Amino acid sequence: MTDLRRSLRSVPVPDEEGAAERGWRVVRAAFAEREPVSWPRRHARPLLAVAIVLAVVAAAVTPPGRAVVGSLRDAIGREKVVGVRRAEPALFRLPTSGQLIVDARVGPWIVQPDGSKRLLHGWTAASWSPTAKYVVATRGHEVAALTPHGDVRWSLARRGRVTGASWSFEGFRVAYLNGTQLRLVIGNGQGDHMLVPRVRPVPPAWRPVGPRHVLAYVDPIGGVHVIDADTGRELGSFRDGKPEELRWSADGTMIVARSRGLLSVFRPDGTGIAVISRRTLGAPPSIPAAAFSPSGHTLAFASYDARANRSSVSMVPLANGHVRRLYTGPGHFTGLTWSPDGKWLLVAWPDANQLLFLRTRGPQKARAVSDIRRQFGGGFPDLGGWCCAAQ
């Protein structure tokens, strides 16, 4: 089919130059007969568009002209479309169980498996408690524990800006950033105190299993520290790049530190395990998101190649180091999160105005939902976490 199309295009079109001349005469005559009126500049573009349409219409009445129009149609058809073509027009349901937090411009949304959602109006960001019974939310100078319906259980106000709040593995501690400080409060809102005086503005990350309350954070120059949050004793440290995000494996034996173009995996005592870098990927990408699977040691990450203006989502089991690409598309992927059962990855795709659900097991499948900005109140949202069913 390609060879036939190429051969047909090489055949001279009868009276091609004559068709072009006839089209030009029509446009020139229409221009000469116009009434000279001085219009504002804003009308110049519509007039130009009309002239182009007249030229195309005039040319289209001849066989050579129709060939030109057909070529234009083919060129338009070959233009790349950002996003999945057969995307669902709304988030009717989640592909599996669990509840999703989406942090939008108007506030965090709680999305249920059936697609229904509730806005936590007035708050900026939120994250789940371990059983999804509560969320911890922040705004301005305030941190608070809320129910998924928005009822406030406790609230604290601080002079500096409050961000990056998260619950410990059993919900008995909450860590958050207050300006340059890392602070800690008991899960009932009492005992608030400073834990570390100066840290980098990267949300702290709790080890997801006990028995101790172990917390990882980034110091001002990019070093990662792992501490016992109850005693303040340092358990290990690691330095590689300037991390923008920290994530633990589900069993608490590994941490991934995500920098702009680097993923460093290490143990809590600081022992390095693996590095995924530009050399590993064979391209000079940035890495905007990464997360461990809910079980095991599989790491998912998004990467972006600025030279090609394309992003990819990949998975790598650290046991064998084999990178498997799940999806690639034009533009930027800005975030990802696993479903609680580990069967799906949710990917944020702002350039397509879509949320993308990728199946992680069995045959590859991509399910997309479009019109995300409108559904979540303007501005493309961030992914706040996909948690277990409410208890």
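Residues are numbered from 1 along each chain as its sequence is written. Since the model is predicted, local features need pLDDT of at least 70 and side-chain atom pairs count only at pLDDT 80 or more, while totals for chains, interfaces and linings use all residues; side-chain values use heavy atoms, with hydrogens and water left out.

Helices (H or I, at least four residues) and strands (E, at least two) are DSSP runs, numbered from the N terminus. Two strands pair if DSSP finds at least two bridges between them. Strands of a sheet pair through backbone hydrogen bonds, either parallel or antiparallel.

Let's start with an open sheet of four strands, in the order 12-13-14-15, with antiparallel pairing. Its edges are strand 12 (205-206) and strand 15 (234-238), and each of these pairs on one side only. Strand 12 meets strand 13 (residues 214-218) in the antiparallel sense, over two bridges. Across that pairing, Trp 206 stands opposite Leu 215 in strand 13.

The loop between strand 12 and strand 13 holds Pro 211. A cis peptide bond joins Gly 210 to Pro 211, with omega about 10°.

Another proline, Pro 204, lies in the loop between strand 11 (193-196) and strand 12. Pro 204 is buried, with a relative accessible area of 6% (buried means under 20%, exposed over 50%, and partly exposed in between, using a 1.4 Å probe and protein chains only). What is Pro 204 in contact with, leaving aside its neighbours within four places in sequence? The list is Gly 164, Ser 166, Ala 175, Leu 177, Leu 182, Leu 215 and Ala 216, where contact means heavy atoms within 4.5 Å. Leu 215 is 11 residues from Pro 204 along the chain, and their C-alpha atoms are separated by 6.8 Å.

**A hairpin**

Strand 18 (residues 262-266) and strand 19 (residues 272-277) pair in the antiparallel sense over five bridges. Together they form a hairpin with five residues between them, and Gly 270 in the turn has a positive phi of about 100°. Leu 263 stands opposite Ile 276 in strand 19.

**Aromatic rings**

How many aromatic pairs does the structure hold? There are six. Rings of Phe, Tyr and Trp (its six-membered ring) pair if their centres lie within 6.5 Å; planes under 30 degrees apart count as stacked, over 60 as edge-to-face and the rest as tilted.

One of the pairs is Trp 109 with Phe 376, which is edge-to-face at 5.9 Å centre to centre and 80° between the planes. This pair links distant parts of the chain, 267 residues apart: Trp 109 sits in strand 2 (residues 107-111), and Phe 376 in the loop between helix 6 (372-375) and strand 28 (382-387). Another pair is Phe 357 with Trp 386; their centres are 6.0 Å apart and their planes at 75°, so this pair is edge-to-face. Phe 357 belongs to strand 26 (residues 354-359) and Trp 386 to strand 28, so the pair ties together parts that are 29 residues apart in sequence.

| Residue | Relative accessible area | State |
|---|---|---|
| Trp 109 | 13% | buried |
| Phe 376 | 0% | buried |
| Phe 357 | 0% | buried |
| Trp 386 | 8% | buried |

Lys 117 lies over Phe 376, at 5.5 Å from the ring centre, and Arg 367 lies over Phe 357, at 5.3 Å from the ring centre. A charge sits over a ring if NZ of Lys or CZ of Arg is within 6 Å of the ring centre and within 35 degrees of the ring normal.

Elsewhere, Tyr 327, Phe 333 and Trp 349 form one aromatic cluster.

**Positive phi and cysteines**

Asn 353 has a positive phi of about 55° although it is not a glycine. Asn 353 lies in the loop between strand 25 (344-349) and strand 26, and is buried at 18% relative accessible area. Asp 371 is another non-glycine with a positive phi, near 60°. Asp 371 is in the loop between strand 27 (366-369) and helix 6, and is partly exposed at 28%.

As for cysteines, a search of the whole structure finds zero disulfides, a disulfide being a pair of cysteine sulfur atoms within 2.5 Å. Cys 387 counts as buried at 10% relative accessibility, whereas Cys 388 counts as partly exposed at 24%.
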